[in-house]
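Hi,

Here is the structure I promised to pass on. Have a look at it, and then read my notes below.

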Amino acid sequence: MSGLTMPPSDKATLARRAEIVADMRTIVPGEGVVEAEREMRVFESDGLTAYRQLPMVVVLPENTAQVARILKYCSDRNIKVVPRGSGTSLSGGALPLEDAVLLVMSRFNRILDIDYPNRVVVAQPGVTNLGISVAVEQDGFYYAPDPSSQIACSIGGNVAENSGGVHCLKYGLTANNVLGIEMVLMNGEVVRLGGRHLDAEGYDLLGIMTGSEGLLGVVTEVTVRILKRPDMARALLVGFPSSEEAGQCVADIIAAGIIPGGMEMMDRPAIRAAEDFVHAGYPLDVEALLIVELDGCGAELDHLIGSVEEIALKNGSVTCRISQSEEERLAFWLGRKAAFPAVGRISPDYYCMDGTIPRKELPRVLHGMRQLSEQYGLRVANVFHAGDGNLHPLILYDANIPGELDKAEAFGADILKLCVKVGGVLTGEHGVGVEKRDLMGEMFNQTDLDQQMRVKCAFDPGHLLNPGKVFPQLRRCAELGRMHIHRGQMPFPDIPRF
């Protein structure tokens, strides 16, 4: 894994690999243990394919009892565990370690209950995001968070990363739509947080788990809220001569008190790539394109569409097309949903970033990205959730050209630093993982990081769950508050640091 520092491998664990594999087979019989190098290749990376590492062994449990036994076994023997869902993470959150058990939850793929009176669905973590909506669509319901990878990404992975999607502006992220979970701690204890009720007393441990990136526990069941589909939905396709004008239009729509069901933005490279790929009818003579979806009853929609058209004209829009049918509305979204694979057709490789900024800073940040593109000599295609300021710049490069990956990573780091500088954050929905781990100091000071580490220690004192992710420095719980160097001697010199 060139260019990425991970925790040093535990030679004692690697020496016991055959014994560990045999023990895993007793816990998960049949085909639930994968140990051959060739068969493990499919698990060597997640969506951040720039980094790859074979795991020590892959284990695919089928029930909560097996997960509990695996974690307790590993805890008792000081063996690291990396949880994995569908492997669609774009931040390296599921990157394996060569001395760790890769715990793959894809066999947890059943919907356990559909409860319409309480408007919830209880699902295992391996159920796909889209699978929940498909299960309830015949009764007019759906699950609101809809990341672009919803056809493949798992609901358990959504909880780990607090995923969003094109409709999170109005209906919220995963954190706003998950009511309860069952989880297994590193010591094998099974815990339930929340449930079918609206809220729970005490500390918001469910909130801590949502977005915890597999560092605190392994989710084995998820209870999510489902919503009734709105009466009507229509979308506007609005073109602008510049990204700055489109960005200002986004800010003005929100400032006017209009909260669209979704509001997405694409720049010229992304527009052309998407149109060539799916032929959604996008205009090719504009620099930026907004997709604004409004939902509600008929009279309300007519009023909101008129208001958005007026705001767009004030910001210099040159085209405006309003969907006249459900098929046309879905066609507008088809191009946006296919933007990532579409960009993959115009560049050998691309590096997908994820940062979030205040909406009013969109023009400034887009201008800054254009300057960085010239500085690094790399193209960038912008596709993002404009309504909530969640940017997804796609940096185009060729990994076969020496040094281009390094340039792409440096370009991406500068984009994220710019996001923080204008009052934003390092990630919106992809997570920190390994991608943004070493940038955490740009946003948090040591006191902030220590406080976050204390939460990690409360759940996983041995630091065995997903080590090397999120925190820029590997430390143990005993070190917190004790990093005092006396006469040049660092405390706990035997602890590996990176």
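With a relative accessibility of 6%, cysteine 352 counts as buried. For the structure as a whole, the disulfide count is 0.

Bear in mind that this is a predicted model. Mean pLDDT for the protein chain is 92, and 96% of the residues reach at least 70. Watch out for residues 482-488, though: pLDDT stays under 50 there, and the model gives that stretch 9 contacts beyond four places in sequence.

On to the aromatics. Searching the whole structure turns up 4 aromatic pairs. One of them joins tyrosine 116 and phenylalanine 141, a tilted pair with 5.1 Å between centres and 35° between planes. Tyrosine 116 is in the loop between strands E5 and E6, while phenylalanine 141 is in strand E7, 25 residues apart. Tyrosine 116 is partly exposed at 25% relative accessibility, whereas phenylalanine 141 is buried at 6%.

Phenylalanine 340 and tyrosine 350 also pair up: their planes are at 65°, so the pair is edge-to-face, with ring centres 6.5 Å apart. Phenylalanine 340 lies in helix H13 and tyrosine 350 in strand E16, so the pair ties together parts 10 residues apart in sequence. Here phenylalanine 340 is buried at 13% and tyrosine 350 partly exposed at 27%.

Cheers

Methods. Residues numbered from 1 in each chain as written. Predicted model: local features only at pLDDT ≥ 70, side-chain atom pairs only at ≥ 80, totals over all residues. Heavy atoms only, no water. Disulfide = S-S within 2.5 Å. Buried < 20%, exposed > 50% of the residue type's maximum accessible area, 1.4 Å probe, protein only. pLDDT = per-residue confidence, 0-100. Contact = heavy atoms within 4.5 Å. Phe/Tyr/Trp six-rings, centres within 6.5 Å; stacked < 30°, edge-to-face > 60°. Helix = DSSP H or I, 4+ residues; strand = E, 2+ residues; numbered from the N terminus.
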